[in-house]
Amino acid sequence: IIMMRLRQVIFILSLISSFVVILFPSLGIHQLDDPETSVVGNWRGVFYHKNIFGSVLAAGVILTIYSTCFSIGYRRNYYLAQTLFLIYLLIMSGSKTSTGILILCGLIMVALLKISLFRDNNKKFFLFSVFIVIFVGLIVALIFIQQSSNEWLTDDSFTGRGLIWISLLSMVEDHWWTGFGFQSIFQIGVKSPLDYVFGGNLFLTTLSHSHNLYIEMLVSMGVIGLSIFIFVIIIYPIFQVANANGTKRNIRYLCFTLMLFTWLHGLLEVGVFDRDRIDWVIFLTAFSVLQRIQR
C-alpha cells in the first residue's frame with residue numbers, strides 16, 4: 001500500500017508539473033535568466049530544479065515498471081501508459097544522470113524479478129552478484145582517487161564537478177580519518193574551508209553540496225564516518241533484502257531497486273542525509289517497507 005501511494009503521489013505531481021509547463025512555462029521551464037545557463041529550456045515542473053524533477057520521475061518510472069510486471073489486461077496498459085508518460089517528462093527535464101541510472105536500475109529490477117520466477121530462494125546468488133558489483137565499484141573508486149589529477153578528471157569534467165571533486169580530495173589529505181565535520185563545508189559561505197584553502201573561489205565557496213555523496217561523506221566525516229555510512233546505508237539494507245521473504249510479488253526487489261537508485265545517484269548528486277530531498281525520502285520509504293516484510 002505504501003508503494004502504491006508513493007507511485008500515485010509521484011504521478012499526480014507529474015501531471016501537475018506538465019500542466020504548469022503548458023500554462024505557466026516561465027515557472028515550469030528553466031528560463032534564459034537562470035544562473036545555470038546549461039539548464040535553460042529544461043523542464044522542472046513544480047520543482048525548483050530539473051535534477052530534482054528528474055529524480056522524482058525516475059523513481060516513478062521504477063514504480064510503474066514494477067506495477068506493469070505484475071498486472072494483466074487493461075491495468076497493464078494503464079501502468080504502461082503511465083511509464084511512457086513519465087519517461088517523456090524525464091527526457092524533457094534533461095536530467096541525464098537520473099535517466100542513465102534509471103535504465104540500469106530498471107534492467108536490474110526486471111532481471112531479479114524474472115530470476116525469482118524460476119528460483120525463489122536465490123539469497124546466495126543475490127548477495128554474490130551485489131557484492132561483486134560493490135567490489136568492482138570500490139576498485140574504480142580507488143583508481144578515481146589515485147588518478148584524480150589525470151586528464152580525464154579536469155576542472156570541466158562532469159559539467160564542472162571535476163573542479164569540486166579535485167578540490168575536496170586535496171582537502172581531505174589533511175583530515176583523512178575524521179574529516180572536517182558534518183555540515184561544516186557547504187552552505188556556510190566564507191566560513192567554509194573551501195574559501196581559505198582555494199583562495200576564495202566564488203564557485204567553490206557558494207556550493208550547496210559536493211555533487212558526490214561519497215566524497216561528501218569522506219570530506220565531512222573521514223574514512224571512519226564513510227565506512228559507518230556505507231555499512232548502515234548500503235551493506236545492512238542489502239542483507240535485509242537477501243533475508244526478506246520472497247513472496248508478495250517480490251516487493252523486496254522493488255525496495256532494493258529504489259535504494260540502488262539513491263546509491264548510484266549519489267555518484268553525481270547528494271540527496272541521502274539531506275533533509276527532505278527526494279533521494280532521502282525514497283530511501284527511507286523503501287527501507288521502511290523492507291522492514292515490514294517477514295524474514
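Reader: Where is the place of Trp-177?
Author: Trp-177 sits in the loop between α7 (157–171) and α8 (193–197). Helices here are DSSP runs of H or I with at least four residues, strands are runs of E with at least two, and both are numbered from the N terminus. Please note that this is a predicted model, in which local features need pLDDT of at least 70, side-chain atom pairs count only at pLDDT 80 or more, and totals for chains, interfaces and linings use all residues. Residues are numbered from 1 along each chain as its sequence is written, and side-chain values use heavy atoms, with hydrogens and water left out.

Reader: Is Trp-177 buried or exposed?
Author: Trp-177 counts as exposed, because its relative accessibility is 55%. Buried means under 20% relative accessible area, exposed means over 50%, and partly exposed is in between, with a 1.4 Å probe and protein chains only.

Reader: Which residues form the nonpolar patch on the surface?
Author: The patch consists of Trp-176, Trp-177, Ile-224, Ile-228, Phe-231, Val-232 and Tyr-236. Together they have about 750 Å² of accessible area, a quantity computed by the Shrake-Rupley method with a 1.4 Å probe, where for residues only the protein chains shown count as cover. Patches take residues with over 30% relative accessible area and no salt bridge, joining like charges within 9 Å and nonpolar side chains (Val, Leu, Ile, Met, Phe, Trp, Tyr) within 5 Å. A salt bridge is a side-chain nitrogen of Lys or Arg within 4 Å of a carboxyl oxygen of Asp or Glu.

Reader: Changing topic, how many helices and strands are there in the protein chain?
Author: The protein chain has 12 helices and 0 strands. Of its 295 residues, 49% are buried.

Reader: At what angle do α3 and α11 pack?
Author: Helix α3 (residues 50–69) and helix α11 (residues 251–265) pack at about 160 degrees, with axes 11 Å apart. Therefore α3 is roughly antiparallel to α11. Axes are lines fitted to C-alpha atoms, for helices over the stretch in contact, and angles between N-to-C directions run from 0 to 180 degrees. Angles under 35 degrees count as roughly parallel, over 145 as roughly antiparallel, 65 to 115 as roughly perpendicular, and the rest as oblique.

Reader: And what about the ends, where is Arg-292?
Author: Arg-292 lies in helix α12 (residues 278–292). Arg-292 is exposed, because its relative accessible area is 64%.
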